Amino acid sequence: MGKKAVLIGCNYTGTKAELKGCSNDVKKMQRCLIDRYGFSEGDIKILIDTDDSYTQPTGRNIRNALALLIKSAETGDVLFVHYSGHGTRLPAETGEEDDTGYDECIVPCDMNLITDDDIRELVDKVPKGCRITFVSDSCHSGGLIDDAKEQIGESCKDDCEDKEENGSGLGFVGTIIQKTGDALQSAFSHDNIAEDSTLTNRSLPLDTLVDILKQKTGNHNINVGNVRPTLFDVFGEDSTPKIKKFMKVLMDTFKGGSGAGAGAGAGAGTGAGAEDGGGFLGKIGVLAQDFLKEKFENNADYGKPAMETEVGGKQDAYAGSKKNKLPENGILISGCQSDQTSADATPSADRAEPFGALSHAIQMIIQETDGKVSNRELVVKARNSLKKQGFKQRPGLYCDDKHVDSPFIC
């Protein structure tokens with residue numbers, strides 16, 4: 001049985017998005033994997049943006065590292081990923097009535113966002129008999145493995161209330177944890193790390209993302225409503241797969257409905273243009289049409305990376321699209337719920353160096369238990385620990401039933 005890991009830390013130094021504790025989280029987790037869980041240093045890939053001697057955590061480099069991790073896996077292997085950095089949410093841009101969800105994303109140092117769908121696609125490639133544990137110490141991280149079953153948490157909106165109401169299933173655990181945390185809050189108020197630290201939100205607001213993209217490109221026409229086309233415009237072939245799918249549907253519709261380049265892509269892949277005429281673009285606005293028209297006029301090959309992407313249908317472009325089955329081999333431990341933020345803490349001078357609240361809690365729990373803790377126990381303990389320290393975020397556990405009581409990592 002092999003043990004392999006990818007550890008990612010983004011501090012975004014010198015930008016409006018700067019954090020302090022992410023690289024520290026990675027280095028502590030590296031030491032923990034080696035000392036507590038028997039990983040070999042050569043089997044741990046580190047990507048941080050605070051030291052040029054390491055691979056930089058750009059969108060392309062992160063995806064490549066994760067793809068290589070999974071490609072090298074064999075049945076029985078233990079795979080582990082720790083991400084420490086910003087998270088964000090991209091709202092639906094299509095304007096379709098059934099596109100009502102969000103794309104939860106992690107934020108690489110170059111802003112080349114990686115969505116929950118992209119992570120899900122990678123998890124689906126994990127070999128049978130092998131599992132991957134993904135710890136995401138970031139905002140909006142609940143549900144980051146798209147459609148993974150929520151075991152501990154409050155992010156799902158469908159059957160969670162029924163489970164809690166009748167006490168059946170693991171959804172009930174969330175209620176128990178919250179009540180326990182309330183009791184611990186008063187008993188341990190003297191140990192309030194949150195109040196004794198400078199806290200930074202690990203959420204990247206869309207307007208901040210837009211400002212950074214404006215600085216990168218010199219284009220001041222970027223706005224919240226065209227973030228996805230802008231990401232494709234900036235990163236092209238290196239764009240994350242979900243962005244390419246979105247753009248392919250957009251381009252198919254544009255070419256099929258506008259007359260500009262009609263026939264070049266109208267019937268390719270999704271056939272969205274023939275299906276919707278101009279309605280799809282009409283709903284997402286004139287700006288998107290003008291954006292694409294200008295790009296195609298200046299560069300006939302502009303959309304090639306997107307047009308070469310396989311898309312099963314326009315649903316693949318939706319933030320709220322659903323898969324046919326649940327992921328079996330992925331375990332997500334999230335720093336918070338999908339609608340919450342996670343903390344980046346810089347303690348006062350007499351305390352430790354900056355850290356992510358979830359990462360710090362995990363390290364303390366591993367030390368306390370000597371690493372002998374199940375996924376469920378780890379999340380329950382982390383929730384209680386963060387609650388008594390004054391942090392408002394609530395970590396979550398998302399995985400197949402069979403992994404809930406499995407040992408953390410090994």
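Q: How far is the sulfur of C139 from the closest cysteine sulfur?
A: This is a predicted model, in which local features need pLDDT of at least 70 and side-chain atom pairs count only at pLDDT 80 or more, whereas totals for chains, interfaces and linings use all residues. Residues are numbered from 1 along each chain as its sequence is written, and side-chain values use heavy atoms, with hydrogens and water left out. A disulfide is defined as a pair of cysteine sulfur atoms within 2.5 Å. The closest cysteine sulfur to that of C139 is in C336, too far for a bond, at 5.4 Å.

Q: How many disulfides does a search of the whole structure find?
A: The sulfur of C336 has its closest cysteine sulfur in C139, too far for a bond at 5.4 Å. C139 is buried, with a relative accessible area of 1%, and C336 is buried at 0%; buried means under 20% relative accessible area, exposed over 50% and partly exposed in between, with a 1.4 Å probe and protein chains only. For the whole structure, the number of disulfides found is zero.

Q: What share of the chain counts as buried?
A: The chain has 14 helices and 13 strands, where helices (H or I, at least four residues) and strands (E, at least two) are DSSP runs numbered from the N terminus. Its accessible surface comes to about 17,100 Å², of which 46% belongs to carbon and sulfur atoms; accessible areas come from the Shrake-Rupley method with a 1.4 Å probe, and for residues only the protein chains shown count as cover. Of the 410 residues, the share that counts as buried is 56%.

Q: How many residues make up the second, separate core?
A: In soluble globular proteins, nonpolar side chains tend to be buried together. Here, a second core stands separate and includes F80, V135, I331 and C399. The size of this second core is 31 residues.

Q: Which residues does M247 contact, leaving aside neighbours within four places in sequence?
A: Contact means heavy atoms within 4.5 Å. M247 is among the residues with the most contacts inside the largest core. Beyond its sequence neighbours, M247 is in contact with R228, P229, F232, L292 and A306.

Q: Why is strand β3 largely enclosed by the rest of the structure?
A: V78, F80, H82 and S84 point one way from β3, while L79, V81 and Y83 point the other way. Both groups are buried. Strand β3 (residues 78-84) is therefore largely enclosed, with the number of buried residues being seven of the seven.

Q: Which strands pair with β3 in parallel?
A: Two strands pair if DSSP finds at least two bridges between them. Seven bridges join residues 3-9 to β3, with K3 opposite V78. Seven bridges also join β3 to residues 131-137, where L79 has I132 as its bridge partner. The parallel partners of β3 are strands β1 and β7.

Q: With which side chain does the side chain of H82 make a polar contact?
A: H82 is found in strand β3 and counts as buried at 0% relative accessibility. Not counting residues up to four places away in sequence, H82 touches V6, L7, I8, D25, M29, V135, D137 and S359. A polar contact is a pair of N or O atoms within 3.5 Å; within protein, one must be able to donate a hydrogen and the other to accept it, and residues adjacent in sequence count only if both atoms are side-chain atoms. At 3.0 Å, the partner of the H82 side chain is the side chain of S359.

Q: Which are the edge strands of the open sheet of three strands?
A: This sheet has the order β9-β11-β12, with antiparallel pairing. Two bridges join β11 (residues 343-347) to β12, and A345 stands opposite F355. Pairing on one side only, the edge strands are β9 (197-201) and β12 (355-356).

Technical notes:
A nonpolar core is a set of buried Ala, Val, Leu, Ile, Met, Phe, Trp, Tyr and Cys residues joined through side-chain atoms within 4.5 Å.
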